Amino acid sequence: MAVMGVQLVVSLVMASLMQRMSPYCSFARWLVCNGSLFRFKHPTDDELRMLAGKPKPRPKKDSSYRRQNGDSDDKPLSIPKDIDLHLETKPITAMDALILRYFLEYQWFVDFAVYSTIVYLFTEGYYCLVDPQKEVNIGVLWCLLTVFFSVKVLFTMMQQYFRSEEGGERSVCLTFALFYLLVAMIVLIVREDYLEFGLDSGFAAVNENLEVFLKRQGWEWSIPFTNLTFKLTLVAICSFLGACLTFPGLRLAQTHLDALKLAADRPVIQFLLHASFLPPIVVVVMWIKPITRDFLRHAPLGKESVELMSDAGYNSMRLWIIVVLCLLRLAMTRFHMQAYLCLSDRWVEQMKREAGRITTIEIQRKVSRIFCYLTVIALQYLAPIILTLHATFVLKTLGDYSWGLFPEPPGVSPALDALPDSPLTSSDEEEEENVEATVAHITTLLGGIRTVFTPLFYRGLFAFLTWWVAVCQIITSLFGLYFHQYLVVS
């Protein structure tokens, strides 16, 4: 019996395409190397020497002349900071991208997210034509993997700050982790009348179903997983996610301010940049029940109120809003990337206003380093967006929501653990008796797991995950705006 059918075939085709087409057709590589982004070339030693008014050095045998001009074999060339230096620009090509730090990781992660989205969209269309209870939802498996890889990418970026020799970045991550630990504790004690995640009801259903399931299997339910333990686990996860999202939020604030300066004469782009900065605030507000659900569903009309939409319609509208806001942020990716690349020219302009001298190696290293970390900045910008988008996809599917603005049909969600109702059969009963018994036992266990983890639990868990990622982005981004506008001396 085919358990996965068409979806498994599509998944295998997508996995093969991702492996075969990556060297020739890559969305991640196109995003960086399509010619719309330009980098700043570092000046050569001869160019800097010419701007500083220093003649070319004579051969090494004339050591007295080199010592008189400050040029020795063991001493790098130093020039005044106030030279009239202007960096040349060049479009980024595929050859330039090979030297970028974490470029292969960036390319694989972004391409995987794209293929995961395609598989999910196909699955959603496929389930419009067939009964969702007969097959396993492969699309949600891809989305869960994308959520996992997004967190892994963010954790890898955070590890680089912990390995820094200075240690300031490590202190920032630890400080925000402790701060988010406190914020998560406060959030989880707020009543569901204000924050409508449904964590308490979802966990209560899981706890009750798990007890019944274990008793049916002959196991004693002696050590229950209490609500306090569940929330403490969530608090630890929230603290970890907050630490991972700290520097992406700070970097987003900096690139947002720089992008606004670059688009000073383009009001439409400035409006879109401001609009792309607001999605986390909108996501957070949409789960505050008195502000959104109660306000949008019921409009006051004199002494009475008129219902504008149903609960199911509001849930669907909330999913659509998150998807549209994520797409808006993705559309503004290049503006933020170009704003980061322009830090080279900004640093040179700031250097020319300073007094003293600087070595040519330091100038070249600073300009080159900004370009080499382009894909790191791209990962910090894209990973939270991809995490939010695919967590929303999982919330829709496992939470048994609908994309349409009408009540969702009752029934079991096409979750991961959906299984056929009967075990495999065989014509030769004597030879296949043990196999059938094993399959029947596994089928019973996995079918019981489906009854334990209900859509109510998935709704609470992934709604809270989506909401918490938005909270972390708001806090770090607003702190980054304050830091770069008022604390950093330009």
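Tyr102 lies in the loop between α5 (94-97) and α6 (103-127), where helices (H or I, at least four residues) and strands (E, at least two) are DSSP runs numbered from the N terminus. The model is predicted: local features need pLDDT of at least 70, side-chain atom pairs count only at pLDDT 80 or more, and totals for chains, interfaces and linings use all residues. Residues are numbered from 1 along each chain as its sequence is written, and side-chain values use heavy atoms, with hydrogens and water left out.

**Overall composition**

- The secondary structure of the protein comes to 21 helices and six strands.
- Of its 490 residues, 45% count as buried; buried means under 20% relative accessible area, exposed over 50%, and partly exposed in between (1.4 Å probe, protein chains only).
- Among contacts with a separation of 6 or more, 82% join residues 24 or more positions apart; contact means heavy atoms within 4.5 Å.

**Backbone: positive phi**

- Most residues other than glycine have a negative phi.
- Tyr102, a residue other than glycine, has a positive phi near 60°, and it counts as buried at 17% relative accessibility.
- Asp400 also is not a glycine and has a positive phi of about 60°.
- Asp400 is found in the loop between α19 (374-398) and α20 (429-452), and its relative accessibility of 17% places it in the buried class.

**Helix α12 and its surroundings**

- Helix α12 spans residues 267-277, and its buried residues are Ile269, Leu273, Ser276 and Phe277.
- Viewed down the axis of α12, these buried residues fall within an arc of 100°, so they line one face of the helix; the arc is that of the directions from the helix axis to the C-beta atoms.
- An α-helix has 3.6 residues a turn, so residues three or four places apart point the same way.
- The face turned away from the buried side of α12 carries the exposed residues Pro267, Val268 and Phe271.
- The cover over the buried residues of α12 includes α11 (246-262), α13 (279-286), α15 (311-331), α16 (333-341) and α21 (455-487).
- His256 is placed in helix α11 and counts as buried at 4% relative accessibility.
- Leaving aside neighbours within four places in sequence, His256 is in contact with Leu273, His274, Phe277, His336 and Leu481.

**Nonpolar cores**

- The largest nonpolar core has 116 residues, and those with the most contacts inside it are Tyr106, Phe197, Trp287, Phe464, Trp467 and Trp468; such a core is a set of buried Ala, Val, Leu, Ile, Met, Phe, Trp, Tyr and Cys residues joined through side-chain atoms within 4.5 Å.
- Helix α19 gives the most to this core, with 17 residues.
- Apart from this core lies another, of 13 residues, among them Leu77, Ile79, Ile363 and Val367.
- Not counting residues up to four places away in sequence, Trp468 touches Tyr180, Val183, Ala184, Val187, Cys238, Leu241 and Gly242.

**Aromatic pairs and charges over rings**

- The structure holds 28 aromatic pairs; rings of Phe, Tyr and Trp (its six-membered ring) pair if their centres lie within 6.5 Å, with planes under 30 degrees apart counted as stacked, over 60 as edge-to-face and the rest as tilted.
- Tyr126 and Tyr127 form an edge-to-face pair, at 6.1 Å centre to centre and 70° between the planes.
- Tyr126 is buried at 14% relative accessibility, and Tyr127 is buried with a relative accessible area of 12%.
- The rings of Tyr161 and Phe247 have centres 3.9 Å apart and planes at 10°, so the pair is stacked.
- This pair links distant parts of the chain, with Tyr161 in helix α7 (residues 138-162) and Phe247 in helix α11, 86 residues apart; both Tyr161 and Phe247 are buried.
- Ring pairs link Phe176, Phe179, Tyr180, Phe197, Phe464, Trp467, Trp468, Phe479 and Phe483 into a cluster.
- The charged end of Arg39 sits over the ring of Phe371, 5.0 Å from its centre; the criterion is NZ of Lys or CZ of Arg within 6 Å of the ring centre and within 35 degrees of the ring normal.
- Arg334 lies over the face of Trp30, at 4.2 Å from the ring centre.

**Cysteines**

- A search of the whole structure finds zero disulfides, a disulfide being a pair of cysteine sulfur atoms within 2.5 Å.
- The sulfur of Cys173 is 8.2 Å from the closest cysteine sulfur, in Cys244, which is too far for a bond.
- Cys173 is buried at 1% relative accessibility, and Cys342 is buried with a relative accessible area of 14%.
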